[in-house]
Amino acid sequence: MKEFKHVIQDPMGLHARPAGMLVKACAGYASTITLVAPTGKADAKRLMGIMRLAAKQGMELTFTVEGADEEKAAAELQAFLAANL
């Protein structure tokens, strides 16, 4: 199991477009990816779950990646988040 944190930098927070991009990025991995925010917990492969978190700028998110490709998934998701959120 790999775990990492990311603080949202986007002034608009984790709104529909970046949430959709995140879901698409996560869908490519066999691992289970869970997203935990101060407002709740969601499967990172489910758009509505992510949107329900209503994550805002400055909020810290914790990602847990567990599965066969967890090393690769965690590293690539960290790079994706740094570039997009």
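Guide: Two strands are taken as paired if DSSP finds at least two bridges between them, and the elements themselves are DSSP runs numbered from the N terminus, with at least four residues for helices (H or I) and at least two for strands (E). The model is predicted, so local features need pLDDT of at least 70 and side-chain atom pairs count only at pLDDT 80 or more, while totals for chains, interfaces and linings use all residues. Residues are numbered from 1 along each chain as its sequence is written, and side-chain values use heavy atoms, without hydrogens or water.

The sheet is open and antiparallel, its four strands lying in the order β1-β4-β2-β3. At its edges, β1 (2-7) and β3 (40-43) each pair on one side only, and neighbouring strands are turned against each other by 20° on average, direction ignored (axes are lines fitted to C-alpha atoms, for helices over the stretch in contact, and angles between N-to-C directions run from 0 to 180 degrees).

Between β2 (residues 32-37) and β3, which run antiparallel, there are four bridges; a hairpin of two residues connects these strands, V36 has K41 as its bridge partner in β3, and T34 stands opposite D43.

Helix α3 (residues 70-84) packs on the sheet, where α3 touches β1, β2 and β4 (60-66) and makes about 5° with the direction of β1, contact meaning heavy atoms within 4.5 Å. The buried residues of α1 also pack against β2 and β4, among other elements; they are P18, A19, L22, V23 and C26, whereas R17, K24 and A27, on the other side of α1, are exposed (buried is under 20% relative accessible area, exposed over 50%, partly exposed in between, with a 1.4 Å probe and protein chains only).
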